[in-house]
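Hi,

Here is the model we talked about, with the sequence alongside.

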Amino acid sequence: MSTDSIALPGMNAGARPFVDTLHTWVTTVDHKRLGILYIVYALIFLVIGGIEALVMRIQLIAPHNNFVSPQVFNRMFTMHGTTMIFFVAMPVLFGFANYLIPLMIGARDMAFPRLNAFSFWLTAFGGLLLYFSLVGANGLYGAGNAPDVGWFAYAPLTAQTFSPGHSTDFWTLGLLVSGFGSIGTAINIVATVVCMRCPGMALGKMPLLAWLNLVMAGMVLFVVSPLTAAQLMLMVDRYLGGHFFDTQAGGSAVIWMHFFWIFGHPEVYILVIPAFAFVSEIVPVFSRKPIFGYPVMVAATVGIGFISMSVWAHHMFTVGMSANGNTFFALTTMAVGVPTGIKIFNWLATMWGGKIDLKAPMLFCIAFLFQFLIAGLTGIMLGAVPFDWQLANSYFVVAHFHYVIVGGILFALFGAFYYWFPKMSGKMYSEPLARLHFWLFLIGFHLTFDFMHIPGLLGMPRRIYTYEPGRGWEIWNLIVTIGVFFQAAGVLIFVANLLWSYFKGKAAGADPWDAWTLEWSTNSPPPAYNFAVIPTVRSRRPLWDLKHPDDPDWKYE
Amino acid sequence: MSNDRQTSTGASRSNSRHLLRVLTAFVPLAAFGEPGAPLSPTNIFAPASAPANTIFDLSLFVLAITGAIFAVVFGLLIYAVVQFRKKVDDDGHEPPQVYGSSQVELAWTVIPVLIVVALFMATARVIASVQRAAQPANAIEVVAIGHQFWWEYRYPALNIVTANELHIPASDPAHPGPTFLKLLSADTDHSFWVPRLGGKTDLIPNRENRMWIDPHETGLYLGQCAQYCGTQHAKMLLRVYVQSRDDFDRWAQEQSQPAHTSENTLEGKRVFESTACINCHAIAGTVANGHFGPDLTHLMSRDTIASGVAPNTPDNLRLWIRDPDAIKPGSKMPAMGLSEQQLNAVTAYLLTLR
Amino acid sequence: MSTATTIVEPEIKSDLPERGRVGMLSLIAAESAVFTIFVVAYIFYIGKSLSGPTPKDVLSAPIFYTICLLSSSLTIHLATRALHLGNVRSFMIWWFLTIALGAAFLYGTASEWHRLIYEDGLTISTNLFGTTYYSLVGLHGSHVIVGLLCLSTVMTFALLGKLKPEHAYRVDVLSLYWHFVDAVWVVVFTVVYVIGR
């Protein structure tokens with residue numbers, strides 16, 4: 001894929017040696033190429049993480065199943081969670097942010113292009129380090145030595161006593177390295193959005209995607225660091241004989257939980273806020289109206305960013321905190337639902353009175369709204385502390401967070417893929433294939449994750465490699481597993497669509513959606529320098545102003 | 001178990017039963033809410049004890065509110081998609097461009113805040129009622145210690161040490177005798193979850209946690225460890241036997257005695273005491289005083305072995321000693337490497353530990 | 001063929017802040033969060049060691065070396081100001097002093113640790129105090145080392161005659177990092193040698 005869309009005489013992409021092309025990709029500092037590298041990297045790990053999920057679901061299709069041993073299963077859920085969060089969700093969202101932000105704010109690149117490349121390669125290396133655990137140390141004998149401590153690696157299970165060998169260290173180091181990459185990208189996003197907007201683009205005039213990624217990046221700075229700190233402490237414990245989490249020496253297992261969840265909870269908002277950004281760009285275009293309540297959307301997001309830093313111990317309602325502690329976190333947890341709900345209402349209001357065009361990006365966004373609503377409501381249930389004493393650590397929680405991450409974030413991502421694929425590749429995707437993907441994935445998602453709530457309500461804990469018959473869990477586990485196959489089919493069709501369309505799709509042109517933000521004003525794909533002339537803007541929808549010179553936005557904003 | 005055997009702990013409970021019957025018109029809740037229905041012995045919507053029933057009442061309130069929110073918002077979403085869909089004969093003009101509305105924003109800020117306040121108040125009240133419950137004088141005190149992958153129970157006042165099967169007396173509503181558990185851990189994190197009796201509380205090393213249950217009906221209640229603790233986390237099963245006061249007293253009396261001795265099994269006792277068994281296991285009244293594994297003094301009074309994984313039969317016992325991984329792969333019990341003769345003798349000896 | 005459709009209007013002056021400063025401040029924000037967690041752990045574990053030396057037993061506040069480090073904030077400020085004014089020679093003197101003061105501080109930490117390990121028997125694995133003390137002070141020390149490496153790199157460029165007054169902005173950004181390292185020491189000193197003892 002070339003971002004040099006200006007054809008120089010004698011320059012024929014097909015004639016260049018493979019090594020040359022590889023070299024340009026490996027050494028690129030262009031935000032668009034780095035964005036694509038991030039996205040492709042994430043898609044590869046999405047398939048790997050999906051296979052890990054499939055293995056687990058086959059093992060759980062019936063009680064006392066023997067598809068994999070308990071040791072392998074425990075590695076599966078650890079790797080699945082770690083992979084999906086750190087090597088799928090974070091990279092793909094950073095990838096889209098990298099690609100889109102400079103284009104949408106009228107800049108030529110990110111603030112620090114070399115730091116950008118360095119951050120990508122750090123993230124990539126972290127993932128490879130994590131997966132090296134399969135062959136590293138005690139190697140393939142016994143199916144490798146992948147970590148098996150769960151993606152949140154509670155102490156003291158991670159101490160040398162309970163996790164000898166190196167598997168836990170691959171988890172720690174892989175995430176430590178990719179964490180530095182995340183912080184690098186966050187620094188870049190903050191500096192780019194704050195310092196490199198085109199003339200006329202005040203903070204109040206920039207696209208919501210830029211605002212939301214700014215909030216996300218700010219959160220990353222404050223939130224990934226606690227995880228880095230906790231992991232450094234874990235390494236001190238494991239290799240220097242330290243006692244940070246050594247309960248035998250008076251250390252605290254609970255303090256690991258606090259440090260981890262101070263990272264872990266805002267992390268899921270770091271993941272969902274860019275998804276909100278996609279929805280905030282797509283829904284207006286496909287409803288043919290501006291986003292309803294732009295200032296409120298910004299304020300709500302900033303509010304979510306702050307409040308979400310105060311809810312972390314709702315992951316710890318069962319560890320025996322005091323009544324006052326539990327009550328405080330119940331309050332903050334429920335409070336964060338208010339700005340989140342406001343955003344849902346604003347998206348609805350954007351659609352209201354519009355002319356909704358049900359193309360693939362919009363289909364996925366509508367499903368997002370439906371599913372994110374449910375996910376938020378089950379989150380409120382979990383915030384009702386005594387109810388959480390039953391629901392915590394059960395399949396109800398697993399269903400809840402997959403509803404957010406798959407039903408919310410992944411659906412919004414699919415919408416974003418279809419929306420911006422024409423810009424990134426210059427080709428239109430196949431709409432019928434996209435719809436097939438949508439319906440297959442929707443059915444599969446609901447089969448799996450709607451019914452997954454039920455075993456949780458019937459007492460099934462999470463992270464168990466098998467379960468007892470006679471507890472009423474069998475039929476639900478069977479349905480949940482069946483749904484996975486529909487989702488897999490949907491994802492395969494999605495990848496096939498992207499590949500086929502890249503080579504054979506119709507030319508998309510600069511602005512196939514009749515949209516209003518700056519990325520649609522340049523070629524598809526954009527040239528390396530993004531814009532021939534740095535634009536000057538007067539409103540939040542510069543292309544609306546150009547297309548409707550008699551009725552420009554800046555008269556009303 | 002039929003409805004009329006439900007004893008009431010107060011008006012709120014019978015009200016919720018009534019509400020439940022009303023709501024059983026809705027299939028999902030009916031599937032869950034029928035008390036005693038054989039849907040699941042670990043159904044959180046079939047509480048058989050305080051605080052599970054208080055939690056159940058709160059959960060109905062929360063479900064009602066979130067259900068109403070869902071109905072309204074989902075209805076609006078469907079309406080919007082249907083009503084404002086681009087028509088086939090669309091004229092291509094853009095619809096009216098609306099940028100926002102302060103009044104509307106205010107409305108859908110204030111209403112959610114009020115809802116949050118209501119939910120929070122209800123939640124806070126139940127938190128207090130559970131966590132600040134005073135321990136009455138005649139409460140049963142149990143110390144539960146989590147191990148990889150089994151449960152140790154001590155009754156300090158009754159001089160009992162046992163494992164894996166928790167016996168407690170049913171509580172009389174007129175003179176409540178709840179069970180208060182102190183939760184400790186010998187190794188890593190665990191969680192005690194018997195859904196029909198109460199919410200879960202974690203067992204964390206170097207930390208003392210406290211929980212209580214107040215069951216009124218006898219029976220066997222199931223659960224399992226709910227905090228990932230290692231390879232056999234899935235098989236750290238819980239069995240709580242709620243007995244009548246008389247039955248419990250009888251059980252307690254037997255449990256506090258030292259081990260039975262029998263002439264026929266002296267050979268097995270000798271094998272037990274001269275091999276590594278005594279490093280981990282204790283049998284009261286003998287030299288065996290290990291604490292890493294379950295106390296075996298009254299092993300045969302239990303229905304299951306390996307923390308609920310296998311029925312306590314002679315064959316299973318023998319298999320467990322010969323090859324624990326055949327029953328629970330990854331458990332901390334090593335294969336003892338005994339000869340067939342030693343195995344038979346030890347098994348015969350253990351079978352006498354009633 | 002460009003489809004860039006732009007409005008070419010009179011240039012609207014851009015008052016946006018500079019990238020380097022924003023980038024460095026973002027890095028400082030992230031680093032503050034890391035240090036905060038180590039400080040929280042330190043404070044949480046005060047008095048909780050089950051055995052071994054306590055802070056009162058073995059710690060004595062390194063006043064002199066603290067003065068060295070904090071003075072280096074002053075000298076680096078004077079250095080960057082000199083460079084802004086075009087005085088490269090003056091810059092080099094103050095910059096060198098900064099490095100020297102920072103190195104002195106490191107020496108102080110090293111000798112303190114030497115005494116703690118070999119005379120008082122306090123290592124990172126001795127007890128909770130040892131773990132949290134060495135981790136927190138060591139984390140800070142490692143940041144001083146990184147800072148000194150960067151400062152030395154700049155010193156090298158200056159000695160080679162490659163540093164010009166137009167580089168003043170970049171040197172400013174680097175000095176932000178150095179000020180941060182000093183500010184962290186104020187917090188660490190207060191927590192370890194004042195509150196914790």
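Let me start with chain C, which has six helices and zero strands; helices here are DSSP runs of H or I with at least four residues, strands are runs of E with at least two, and both are numbered from the N terminus. Along the sequence, chain C reads α-α-α-α-α-α. Its radius of gyration is 21 Å, well over the 16 Å that the globule rule gives for 197 residues, so chain C is more spread out than a compact globule. (That radius is taken over C-alpha atoms, and the rule is 2.2 Å times the number of residues to the power 0.38.) The C-alpha trace of chain C spans about 75 × 45 × 30 Å along its principal axes.

Before going on, some housekeeping: this is a predicted model, in which local features need pLDDT of at least 70 and side-chain atom pairs count only at pLDDT 80 or more, while totals for chains, interfaces and linings use all residues. Residues are numbered from 1 along each chain as its sequence is written, and chains are lettered from A and ligands numbered from 1 in the order in which they are written.

**A helix pair in chain C**

Take helix H5 (residues 128-159) and helix H6 (residues 168-195) of chain C: their axes come within 10 Å and cross at roughly 160 degrees. Axes are lines fitted to C-alpha atoms, for helices over the stretch in contact, and angles run from 0 to 180 degrees between N-to-C directions. H5(C) and H6(C) are therefore roughly antiparallel to each other (over 145 degrees counts as roughly antiparallel, under 35 as roughly parallel, 65 to 115 as roughly perpendicular and the rest as oblique). The crossing of H5(C) past H6(C) is left-handed, that is, the near helix is turned anticlockwise from the far one by less than a right angle.

Among the residues that meet are C:Tyr133, C:His140 and C:Gly147 from H5(C), and C:Trp178, C:Trp185 and C:Val192 from H6(C). Contact means C-beta atoms, placed from the backbone, within 7 Å. By class, this H5(C)-H6(C) contact has 15 nonpolar, three polar and no charged residues. For the classes, Ala, Val, Leu, Ile, Met, Phe, Trp, Tyr, Cys and Pro count as nonpolar, Asp, Glu, Lys and Arg as charged, and the others, Gly among them, as polar.

**A helix pair in chain A**

In chain A, the axes of helix H10 (residues 360-383) and helix H12 (residues 395-425) come within 8 Å and cross at roughly 160 degrees. H10(A) and H12(A) are therefore roughly antiparallel to each other, and H10(A) passes H12(A) in a left-handed crossing. Their contact divides into 18 nonpolar, seven polar and no charged residues.

**The sheets of chain B**

One open sheet in chain B has six strands in the order E1-E9-E6-E2-E3-E4, with mixed pairing; two strands pair if DSSP finds at least two bridges between them. Its edge strands are E1 (49-50) and E4 (160-163) of chain B, each pairing on one side only. Strand E3 (residues 150-155) of chain B runs antiparallel to E4(B), with four bridges joining them; B:Glu152 has B:Ala163 in E4(B) as its bridge partner.

Another open sheet of chain B has three strands, ordered E5-E11-E10, and its pairing is mixed too. E5 (165-169) and E10 of chain B stand at the edges with a single partner strand each, so one side of each has no neighbour in the sheet. From one strand to the next, the twist averages 25 degrees. E5(B) and E11(B) (residues 237-243) pair in the parallel sense over five bridges, and B:His167 has B:Tyr241 in E11(B) as its bridge partner. Helix H5 (residues 245-255) of chain B packs on this sheet, touching E5 and E11 of chain B, and its direction makes about 130 degrees with that of E5(B).

**How the chains meet**

Which chains share the most contacts? Of the two pairs of chains in contact, it is chains A and B. That contact takes 78 residues from chain B and 77 residues from chain A. On the chain B side, H4(B) gives the most, with 16 residues. The chain B side divides into 42 nonpolar, 25 polar and eleven charged residues.

Chain C puts 36 residues in contact with 41 residues of chain A. H1(C) gives the most to the chain C side, with 13 residues. By class, that side has 19 nonpolar, twelve polar and five charged residues. No contact joins chain B and chain C, and their closest C-alpha atoms lie 12 Å apart.

Cheers
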